[in-house]
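I opened this notebook to record what I looked up, one topic at a time.

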Amino acid sequence: MSVTTSRVADALTDGRTALWALVGLLLFLLEAGAFLNFVVGLTIDGILALPGVDAAGFLTTVESAVREIPTLLSRETIPNEGYYDGSGYEGTFLGLSPAIAWALRATLVYLYAFAAFGWGVWGYRIYRRNYRAADWTPRDDVFDRFRGHKWGIFGLVIVFMFVTMAVFAPALGPTTVDQNMRNSYGYETKYWDSDSGSVETILVGDANLDSLSQGNDQNIGPWTYDDYGRFHPFGTMQDGSDLFTFLVVGSRISLVIGVLSVALSASIAATLALTSAYYKGRVDLSMVLISDAVMAMPQLLLLIMLTTVLRETWINEVYSGGFLLALIFAFTGWTYMWRSIRGPALQISEREWIDAARSFGQTPITIMRKHMLPYVTGYLLIYGSMTLGGAIISIAGLSYLGLGVAPPTPEWGRAVNLGQDYVRTGSWHISLIPGILITLVVTGFNALGDGIRDAIDPQSDSAGGETAGAGGGA
Amino acid sequence: MSEAEPFLEVRDLKKYYDDGGLLGGDPVKAVDGVSFDIREGETLGLVGESGCGKTTLGRTILNLETATEGEVLADETDVTSISGRELRRWQSQAQMVFQDPDASLNDRMTVGEIIREPLDAHDWPNLAVSVADDREVAGKRVHRAEGDERRDVTVDADGGVSVREGAPLTREDLTVDADGDRVDVTLHKHASAMREDRVRGLLEQVGLREEHFYRYPHQFSGGQSQRVGIARALALEPRFLVLDEPVSALDVSVQARIINLLEDLQDELGLTFLFIAHDLSVVRHIADRVAVMYLGEVMELGPTEEVFTDPSHPYTESLLSAIPGSMVETGERITLRGTPPSPRDPPSGCRFSSRCPAKIRPDEYSVSGEHWEALDQLHSVFRARSNAEKGIVDVVKERLGIQDVSTVDELLLELFDAERDGDGGISIEMPDDAASVVYEAAELARAGDEAGAAERLDDAFGSVCSEEHPEANDVGAGRTSRCLRHREEYEDPDAVIEQRYRSD
């Protein structure tokens with residue numbers, strides 16, 4: 001215990017480490033409000049979910065107090081929704097035009113995210129150089145190799161930007177989902193009426209009806225203002241709502257379903273692969289049979305059937321049906337990952353250190369965890385990141401077909417679907433932009449997987465080795 | 001040495017491997033009826049060619065493989081059939097050092113973690129407390145010492161407490177409350193601190209430095225890695241180590257140092273070794289007694305020096321003769337012909353009969369020595385072919401009676417140094433009665449009946465060696481040898497070898 005305490009003291013007196021800690025604190029303070037808000041909100045939700053509790057009591061007061069804490073990257077600190085009053089902008093940040101104010105906020109969000117990432121990398125390097133007891137670990141080589149892998153770095157950047165988009169979704173959109181889509185008749189907006197030369201007020205829903213993008217006659221394209229002085233970075237949708245807000249919030253559901261399903265199927269796959277590789281024989285054979293049986297089920301039909309059957313149940317209510325989707329994906333997807341991991345796991349299980357561990361009486365579970373899992377995690381990351389790309393495509397594809405995530409929850413595939421009638425007209429942006437984004441994100445995840453694979457296993461040929469083939473299929 | 005108590009008694013141990021195929025088939029008899037004792041504190045060397053089952057034997061003794069039959073007795077417990085707590089106790093007493101240190105150390109763990117793992121797995125330490133009277137011992141990580149267990153902590157009748165030297169803690173790290181009707185022992189040192197100290201002590205003991213604690217196996221040379229492997233095997237303070245070719249993967253320059261380390265450790269800790277090797281000179285250096293294995297059986301067993309200077313069994317003689325530069329002691333080199341037969345289908349009678357330089361031969365044929373060897377070889381070739389898995393094409397050919405005549409002919413030409421006569425037939429320079437048997441067998445083989453060919457040869461040229469399985473004969477001075485020539489009616493093996501190979 002005393003060793004750790006003195007280490008912390010040492011660290012704080014060391015200039016570079018102290019500076020690093022200070023920068024970290026600063027970065028945290030900038031967003032402390034949002035963080036606390038999130039924690040308190042989650043606690044309240046948790047308490048309310050308990051049976052027999054219908055008020056969270058003092059926590060509600062805490063929540064409203066927390067809301068008052070200013071955060072740098074919020075709509076309130078850098079507002080972009082204002083109106084022109086004839087001489088200048090009212091209500092926007094520093095009186096800038098809404099476009100500039102929004103661009104400033106979005107840029108700050110990304111700067112902040114990259115700064116936080118850099119801070120993490122900085123901390124890791126300080127730890128590696130000054131504090132870690134081992135002066136070299138096998139992981140170091142993996143990190144160093146990844147750093148030199150340009151395609152992998154590209155993937156990492158894309159994936160990181162996508163994740164940032166999902167995390168900061170409410171702050172990134174020029175407007176909010178509630179105000180712009182769900183409850184557009186519950187909000188008002190002010191605008192400068194040049195005919196009368198005065199500031200007028202209109203319901204958001206009515207304003208949307210005048211901002212439709214439905215072809216050449218009626219169109220609000222990317223990076224334009226509509227008639228009510230509202231800025232649309234990606235233009236509007238066919239119903240007049242803001243496409244960028246729709247996409248940003250949609251990224252959240254894609255990411256949550258993707259991560260949830262991949263994490264679930266990865267843990268199923270890893271557990272089963274390690275078990276079958278350790279015990280071999282009949283255990284292995286029975287798992288092959290089970291996975292073949294699951295693989296033989298047509299995924300799409302199963303999806304359609306289950307979503308229809310479970311439509312009226314509580315499970316379909318969770319996260320607009322996203323949770324159910326994640327479960328179905330995990331249930332049908334683990335087989336492919338299991339197949340890919342079983343090979344490496346079997347190889348590892350033949351290594352002599354497994355025998356060595358058995359000879360001194362190590363338990364099978366610990367052997368699997370300590371002596372086999374570390375050699376398989378690399379493969380899990382590779383296949384996981386590639387499968388995540390696949391899951392995002394599948395979710396989008398399902399929404400495109402009108403299945404999956406229930407409207408009006410924004411989802412990228414639905415945007416493609418909604419815009420497909422206007423692809424050949426001036427409103428091409430409704431389908432094209434989300435389409436490009438899906439392609440980009442999926443490419444990013446695959447690139448990241450490639451990079452991780454080359455970093456873990458430098459011998460594998462990036463120009464289409466066995467793993468690459470398997471990964472593409474996963 | 002011979003008065004020492006046997007630490008381990010191996011009795012008729014068998015380990016067969018079934019491939020689990022649907023057709024059943026013959027199992028691989030890796031270890032087939034092995035019996036010997038290992039005495040407390042000695043080093044028993046186990047030598048033999050690759051694939052003779054010596055590693056399997058070591059692994060079966062440690063319960064890494066399930067024995068098919070037989071017993072391994074340690075303290076009157078059969079360790080091949082134990083489980084649960086007894087098995088864990090045995091695992092902490094008997095450890096293994098593996099051949100290839102790179103393969104047996106997990107390269108994602110630091111050396112410290114690797115050596116510590118057995119300690120964690122056994123929740124080490126559990127101190128043995130010896131109490132003068134019959135009071136109970138209570139407390140965490142302590143138990144009452146029983147039997148001849150080594151005492152870590154001793155509590156006298158008057159309440160005096162002493163801690164064994166080399167125990168993972170000192171007198172200051174524990175308080176003993178011996179007032180009531182039981183002895184309460186409280187440890188103040190955390191288990192993880194004790195384990196870490198133990199690991200550092202082990203590193204020093206095997207000749208590594210403390211700063212190696214946080215290194216990874218990649219960063220070590222072969223010799224250093226093997227020291228890590230030894231340290232891991234020693235972690236639980238075992239009494240018995242199976243050393244599975246511990247130096248054969250190392251540079252020659254490093255081998256001697258590891259051997260010396262092992263000898264030092266044996267003296268220091270009173271360990272018993274089973275030293276498996278195929279390098280005879282290493283075994284001669286380290287082992288007190290040596291067992292020579294062939295095809296799953298122990299052919300000869302005896303004190304090392306005597307076995308090496310005066311081998312009783314023809315196989316031992318051939319093995320020793322195969323050591324380069326050893327001709328001074330054994331005279332003319334006797335080559336071991338061919339490779340050992342498949343352990344799935346060992347020769348009937350004596351296992352070594354197919355390659356034996358001192359094989360008993362029937363008197364009725366007057367065949368030269370070289371031709372006897374050729375006949376043995378021809379027999380084993382036919383036997384191997386008749387057991388070989390055949391492809392569909394071969395089976396069809398056999399059914400239709402189309403056999404590659406040339407392969408049988410070539411075999412005869414090569415083995416007997418024969419020549420083709422005018423009309424394409426083959427004539428062998430051998431007395432007619434023997435030659436006619438060979439021609440008959442060749443004819444059978446050409447027709448695809450290799451089994452019949454082998455049988456024909458065996459009928460004519462076989463002897464007691466291919467019919468009777470020799471027992472382990474006591475050949476004096478605590479030595480046993482499994483050879484039929486030790487019977488009174490036959491000449492001794494070395495006399496025969498002397499006469500057959502070294503008489504000119």
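**Entry 1: a sheet in chain B**

In this predicted model, I looked up an open sheet of chain B, in which 3 strands follow the order S8-S13-S12 with mixed pairing; strands are DSSP runs of E with at least two residues, numbered from the N terminus, and two of them pair if DSSP finds at least two bridges between them. I noted strand S8 (136-138) and strand S12 (174-177) of chain B as the edge strands, each pairing on one side only. Neighbouring strands here are turned by 20° against each other on average, direction ignored, with the axes being lines fitted to C-alpha atoms and angles running from 0 to 180 degrees between N-to-C directions.

I then followed S12(B), which pairs with strand S13 (residues 182-187) of chain B in the antiparallel sense over 4 bridges, and I found B:Leu174 opposite B:Leu187 in S13(B).

**Entry 2: confidence and conventions**

For chain B I read an average pLDDT of 85, with 92% of the residues scoring at least 70; pLDDT is the predictor's confidence in each residue, from 0 to 100. The model scores ipTM 0.83 and pTM 0.83.

Residues are numbered from 1 along each chain as its sequence is written, and chains are lettered from A in the order in which they are written. Local features need pLDDT of at least 70, and side-chain values use heavy atoms, with hydrogens and water left out.

**Entry 3: a proline in chain A**

I found A:Pro364 in helix H15 (residues 364-400) of chain A. Leaving aside neighbours within four places in sequence, A:Pro364 is in contact (heavy atoms within 4.5 Å) with A:Tyr278 and A:Tyr279.

Methods. This is a predicted model: local features need pLDDT of at least 70, side-chain atom pairs count only at pLDDT 80 or more; totals for chains, interfaces and linings use all residues.
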